[in-house]
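Me: I'm new to this one and would like to go through it piece by piece. Can I ask you a few things once it's up?

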Amino acid sequence: MRTTKRFSSAGLSVTEYLCDSGPDDTPFSEHHHVFTLSFVRGGGFGYRCGGRAFELVAGSVLIGHQGDEYVCTHEHVHGDDCLSFEFSPALLGEVAPPVRSAAVVPPASQLMILGELAQSAIDGRSDLGLDEVAWLFLDRVSRHVANVPDAPAALPARDRRRAVRTALWIDAHASQPLTLGLIAREAGLSPFQFLRVFSRAIGVTPHQYLLRCRLRRAARLLTDDDRAVTDVAFDCGFGDLSNFVRTFHRAAGISPRAFRRAALRDRNFLQERISAPLVG
């Protein structure tokens with residue numbers, strides 16, 4: 001495991017975790033030492049906690065409650081890349097973290113966009129501070145889990161493996177014109193079987209995940225002030241500019257151009273829009 005501390009101050013830290021474990025490595029028990037939100041940026045892993053099992057892929061969020069014992073596994077894929085927001089009990093104060101029963105949030109558009117915004121802050125491509133993104137992320141996750149049931153995957157290992165590996169394939173090929181039939185063939189299942197397996201294992205449908213992968217990449221590219229919005233749309237796999245603008249606005253609450261302006265300069269505007277009701 002390679003760790004890189006990106007921010008640390010008064011009970012809040014932001015750390016990158018790059019794990020190289022694979023199917024041949026023996027999993028072991030660990031404990032969450034503080035309340036943690038881990039955004040999966042790449043790869044995937046299994047999470048076992050409190051007698052429940054989950055599969056996480058790029059865009060998923062792991063909610064770690066202080067004191068909980070857990071096990072991470074890599075039986076389906078080799079390695080993962082996570083950005084972890086870690087809050088001390090004293091820092092949380094009157095802030096109510098997500099209910100204890102919540103463990104994993106499936107990939108959601110606005111959470112994925114915020115994850116990319118954090119990376120932009122790390123890379124120096126945004127005027128927002130990592131601590132600001134951390135609090136925005138906590139607010140979003142807390143409100144999200146209040147509206148989404150926490151349903152662990154109840155599937156055979158073979159089906160979970162197919163879903164996770166296909167999610168990685170979707171993420172790697174998101175800029176291409178993908179259909180349910182094409183993705184299902186990649187998974188070796190009929191479209192109906194694949195839709196059922198993927199949705200139960202990952203928590204979203206294949207098309208929803210594809211769109212969110214495209215939006216995550218778009219958010220990353222939009223922090224480059226030299227790239228035209230039209231180029232961003234086509235580079236991310238959207239068929240036309242108007243569709244991209246509508247989809248991005250529905251997910252982020254602001255247009256791609258407004259997001260670029262807010263990420264680079266106007267942080268108050270971005271915070272106000274991200275505080276609006278969550279969609280997708």
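Me: How do the residues lining the largest pocket divide into nonpolar, polar and charged?
Reply: Keep in mind that this is a predicted model. The largest pocket has a volume of about 660 Å³, and 27 residues line it. Sorted by kind, that lining comes to 11 nonpolar, 11 polar and five charged.

Me: Which residues lie nearest the centre of that largest pocket?
Reply: Out of the 27 lining residues, a handful can be picked out by where they sit relative to the pocket centre. Those nearest the centre are M1, Y17, E30, Y70 and C72.

Me: And which strand gives the most to the lining of the largest pocket?
Reply: Several elements give two or more residues: strand 2 (12-19), strand 3 (29-31), strand 4, strand 7 (69-73) and strand 8. The top contribution is four residues, and it comes from strand 8.

Me: Let's switch to aromatic rings. Is the F35 and F87 pair stacked, edge-to-face or tilted?
Reply: By the pairing rule there are 10 aromatic pairs in the count. F35 and F87 have ring centres 6.2 Å apart, and pairing asks for centres within 6.5 Å. Planes under 30 degrees apart would be stacked and over 60 edge-to-face; these planes are at 45°, so the pair is tilted.

Me: How many residues apart in sequence are the parts that the F35 and F87 pair ties together?
Reply: F35 is buried at 5% relative accessibility, and F87 is buried too, at 0%. F35 lies in strand 4 (residues 35-49), while F87 lies in strand 8 (residues 80-87). The pair therefore ties together parts whose separation in sequence is 52 residues.

Me: Which residues form one aromatic cluster?
Reply: Some of the rings group into a cluster. Its members are F238, F244, F248 and F259.

Me: What span should helix 7 have, going by its number of residues?
Reply: Helix 7 (residues 206-222) has 17 residues, and 13 of them are buried, so the helix is mostly covered. The expected span is 1.5 Å times one less than the number of residues.

Me: Where is A10, and what is its phi?
Reply: Most residues other than glycine have a negative phi. A10 has a positive one, though A10 isn't a glycine. A10 sits in the loop between strand 1 (2-9) and strand 2 and counts as exposed at 69% relative accessibility. Its phi is near 45°.

Me: Last one: how far apart in space are N243 and A233?
Reply: N243 belongs to helix 9 (residues 241-252) and is partly exposed at 27% relative accessibility. In sequence, N243 and A233 are 10 residues apart. C-alpha to C-alpha, their distance in space is 8.8 Å.

How values were computed: Residues numbered from 1 in each chain as written. Predicted model: local features only at pLDDT ≥ 70, side-chain atom pairs only at ≥ 80, totals over all residues. Heavy atoms only, no water. Phe/Tyr/Trp six-rings, centres within 6.5 Å; stacked < 30°, edge-to-face > 60°. Buried < 20%, exposed > 50% of the residue type's maximum accessible area, 1.4 Å probe, protein only. 1 Å grid on protein atoms, 1.4 Å probe; cavity = no way out; pocket = protein on both sides within 12 Å on 5 of 7 lines; lining within 4 Å. Points joined across faces, edges and corners; volume = space filled by probe spheres on them. Nonpolar A, V, L, I, M, F, W, Y, C, P; charged D, E, K, R; others polar.
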